[in-house]
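Open the model in your viewer and keep the sequence panel beside it. The tour goes from one selection to the next.

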Amino acid sequence: MIEIQEEISGLLNEAARLVRQHGVDSEAARADAYWISHIRMALGGDHGYIGNSICSMMDTAESFLEEEEEEEDTTDATPDWV
């Protein structure tokens, strides 16, 4: 799940770069203020004046990791969701 979050984050950065390259300044600012910041916050990032998400994708992944550490599992296998 963390790998997916990182991939989405990379794709979001690429999309933001394309908006800045090809859009007018006002459109780039609008995209950053709305959909880019919303996706970034949902992934687990913080946005300057908006703050962060109540439950982000990173929060969920960290919760899975905590649960995995608490279990008394004797196998060393990596869970599928990582």
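What follows is a series of stops, each with something to select.

**Ground rules.** This is a predicted model: local features need pLDDT of at least 70, side-chain atom pairs count only at pLDDT 80 or more, and totals for chains, interfaces and linings use all residues. Numbering starts from 1 along each chain as its sequence is written, and side-chain values use heavy atoms, with hydrogens and water left out.

**Whole chain.** Start with the cartoon. The protein has 3 helices and 0 strands. Along the sequence the pattern reads α-α-α. Helices (H or I, at least four residues) and strands (E, at least two) are DSSP runs, numbered from the N terminus. Of the 82 residues, 22% count as buried. Buried means under 20% relative accessible area, exposed over 50%, partly exposed in between (1.4 Å probe, protein chains only). The areas come from the Shrake-Rupley method, and for residues only the protein chains shown count as cover.

**Helix α1.** Select residues 2-22, helix α1, and pick out valine 19. Valine 19 counts as buried, at 19% relative accessibility.

Next, show glutamate 14 and arginine 17. Their side chains meet in a salt bridge (2.5 Å, N to O). The term means a side-chain nitrogen of Lys or Arg within 4 Å of a carboxyl oxygen of Asp or Glu. The count comes to 2 salt bridges. Glutamate 14 and arginine 17 are about one helical turn apart, because they are 3 residues apart in helix α1. Glutamate 14 is partly exposed at 34%; arginine 17 is partly exposed at 31%.

**Helix α2.** Go to glutamate 27 and arginine 30. Here is a salt bridge at 3.2 Å, N to O. Both residues lie in helix α2, 3 residues apart, about one turn. Glutamate 27 is partly exposed, with a relative accessible area of 35%.

Move to serine 37, also in helix α2 (residues 25-43). Is serine 37 buried or exposed? Serine 37 is buried, at 1%. A polar atom of its side chain lies 3.3 Å from the backbone oxygen of aspartate 32.

**Helix α3.** Finish at glutamate 69, in helix α3 (residues 57-70). Glutamate 69 is exposed, at 66%. Switch to a surface view. Glutamate 69 belongs to a negative surface patch, together with Asp59, Glu62, Glu66, Glu67, Glu70 and Glu71. Patch residues have over 30% relative accessible area and no salt bridge, with like charges joined within 9 Å.

Technical notes:
Patches are made of residues with over 30% relative accessible area and no salt bridge: like charges are joined within 9 Å, nonpolar side chains (Val, Leu, Ile, Met, Phe, Trp, Tyr) within 5 Å. Accessible areas come from the Shrake-Rupley method with a 1.4 Å probe; for residues, only the protein chains shown count as cover. Lys and Arg count as positive and Asp and Glu as negative; His and the chain ends are not counted. The place of a charge is taken as NZ of Lys, CZ of Arg, CG of Asp or CD of Glu. A polar contact is a pair of N or O atoms within 3.5 Å; within protein, one must be able to donate a hydrogen and the other to accept it, and residues adjacent in sequence count only if both atoms are side-chain atoms.
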